[in-house]
Amino acid sequence: DGAIVATIFNRPSHGQCEGDVECWASTDGGRLWELRGVPAPHEPDTNRMNVAAGLAHDGAMIVLASGWGQKEGSFRDRIVPCWACRSEDDGRTWEHTDTIQLPDGCDFLIPFGDVVRLADGALGASFYMQDDVTKQSNSYLLRSDDGGRAWGDAVVVGRGDHNETALIRVGDGLMLAAARTQTDAHLDLFTSEDEGRTWSLLGPVSTAGQIPAHLLGLADGRILLVF
């Protein structure tokens, strides 16, 4: 209907306090905004702040939300399990599940960026994990075959040094992913020619500290990368 929707963490902090993921909407091109719903309300001593969002093939709104829990008086010491949230009334009311199938050897996943619609009717979304001890981080593409309620079938996009990853589907099986590196925080560009089943590294598309990424298809066919 022309509305613009933003899913945001509702506290003036980068996850250092309790808070929710809220859905705000504008019907006048972004000039005025109103609170429409709360996809992911927090539980006591936790927050919901890390999100991926998009539309399912049937028009339902999808929000994937994880966050941090408080431990010994400090936030960001433990990661809370990701929720898959779905709204069929344009973001006003929400249902959520925690049906996120983790890859082998992975204790948690954090969602990021846009939920993308795949050609076979599935949805795709970017997730990542990182180990603060080994400094290893992997980014993944997970699929949902039921309209965003359950997620799994994880495929590695960037292995060992990649976390927050932006996805875009270009068409005819072609996808691009711009992934943030863990070590010096630059962006690497990956490509897939089989609808996200396998990925190849093309190379860097930014220098150190130029993160995170978003990919947007323009009306004239060009692709815009911003960070």
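A strand here is a DSSP run of at least two E residues, numbered from the N terminus. I keep that in mind for the entries below, and I note that the model is predicted.

**Entry: Ser-87**

I looked up Ser-87 first. I found Ser-87 in strand E6, which covers residues 74-87. Is Ser-87 buried or exposed? Its relative accessibility is 1%, so Ser-87 counts as buried.

Next I checked its polar partners. The side chain of Ser-87 makes a polar contact with the side chain of Asp-89, at 2.8 Å. A polar atom of the Ser-87 side chain also lies 2.8 Å from the backbone nitrogen of Gly-91.

Strand E4 (residues 50-55) and strand E9 (residues 110-117) run parallel. How many bridges join E4 to E9? I found 2 bridges. For Ala-53, the bridge partner in E9 is Asp-114.

**Entry: a hairpin**

I moved on to strands E17 and E18. E17 spans residues 214-217, and E18 spans residues 223-226. They pair in the antiparallel sense over 4 bridges. I picked out Leu-216, whose bridge partner in E18 is Leu-224.

E17 and E18 form a hairpin with 5 residues between them. Which residue in the turn has a positive phi? I noted Gly-221, with a phi of about 95°.

**Entry: cysteines**

How many disulfides does the structure hold? I found 0. Cys-23 is in no disulfide, and the nearest cysteine sulfur, that of Cys-85, is 11 Å away. A disulfide needs two cysteine sulfur atoms within 2.5 Å. Cys-85 is in no disulfide either. For Cys-85 the nearest cysteine sulfur is that of Cys-82, 7.7 Å away.

I then checked burial. Cys-23 has 0% relative accessibility, so Cys-23 counts as buried. Cys-85 has 0% relative accessibility, so Cys-85 counts as buried. The cut-off for buried is under 20%.

Definitions and conventions:
Residues are numbered from 1 along each chain as its sequence is written. This is a predicted model: local features need pLDDT of at least 70, side-chain atom pairs count only at pLDDT 80 or more; totals for chains, interfaces and linings use all residues. Side-chain values use heavy atoms; hydrogens and water are left out. Buried means under 20% relative accessible area, exposed over 50%, partly exposed in between (1.4 Å probe, protein chains only). Two strands pair if DSSP finds at least two bridges between them. A polar contact is a pair of N or O atoms within 3.5 Å; within protein, one must be able to donate a hydrogen and the other to accept it, and residues adjacent in sequence count only if both atoms are side-chain atoms.
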